[in-house]
Amino acid sequence: MTDVCPPYAPFFGFAGVAASMVFSTVGAAYGTAKSGIGITGLGQFRPELIMKSLIPVVMSGIIAVYGLVVSVLISGRIIPGKYSLFAGFIHLAAGLACGFTGMAAGYAIGIVGDACVRAYVYESKVFVTMILILIFAEVLGLYGLIVALILDTLTNGVTC
């Protein structure tokens, strides 16, 4: 019984919570900062386009929400004394999946947002292309969320 539910098992679950929040937030922060640099460059020449150019910043924020959702789900399943080592490792994997894909998505959104917003100053047709590429970058984070949710369902009914 003690081999299945050691007292250190919740450490892995909380490591998944931390990984999900920290890495996805780092990705969102990078995407916001990098896109914001492009928006400030655009604002110098065409200030009327600033509001339309905030889309990469909003999409970066959604990445952080994915990490928050996974963190709340994982932390809600951690029950002291009834938390198995299996659940700890699964929750660690779920947090890492969501966190790393969130970081990759934020990085992609930042690069695309910066480049496309700067190009939007000169060519308005770039806007639709920017939206499409940003959607594909956002889907990276969504895939991580889906994988984390699937992994979280594996721990249903696993107690000590």
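**The cavity and its lining**

Author: According to the unreviewed UniProt entry, the annotation "domain: V-ATPase proteolipid subunit C-like" covers residues 16-74 and 92-151; such positions are given in the numbering used here, feature names are shortened, and annotations may be inferred rather than shown by experiment. This is a predicted model, in which local features need pLDDT of at least 70 and side-chain atom pairs count only at pLDDT 80 or more, while totals for chains, interfaces and linings use all residues. Residues are numbered from 1 along each chain as its sequence is written, and side-chain values use heavy atoms, with hydrogens and water left out.

Residues 16-74 are 85% helix and 0% strand, with end C-alpha atoms 8 Å apart, and residues 92-151 are 92% helix and 0% strand, with end C-alpha atoms 10 Å apart. Helices (H or I, at least four residues) and strands (E, at least two) are DSSP runs, numbered from the N terminus.

The whole structure holds one cavity of 30 Å³ or more, and the largest cavity has about 30 Å³ of space. A cavity is a set of points on a 1 Å grid over the protein atoms alone where a 1.4 Å probe fits but cannot get out, and lining residues have an atom within 4 Å of a point; grid points are joined across faces, edges and corners, and a volume is the space filled by probe spheres set on the points.

Val-70, Leu-73, Ile-74, Ala-94, Ala-148, Leu-149 and Asp-152 line the largest cavity, to which helix 2 (55-77) and helix 4 (126-153) each supply at least two lining residues. By class, this lining has six nonpolar residues, no polar ones and one charged residue, where Ala, Val, Leu, Ile, Met, Phe, Trp, Tyr, Cys and Pro count as nonpolar, Asp, Glu, Lys and Arg as charged, and the others, Gly among them, as polar.

Technical notes
1 Å grid on protein atoms, 1.4 Å probe; cavity = no way out; pocket = protein on both sides within 12 Å on 5 of 7 lines; lining within 4 Å.
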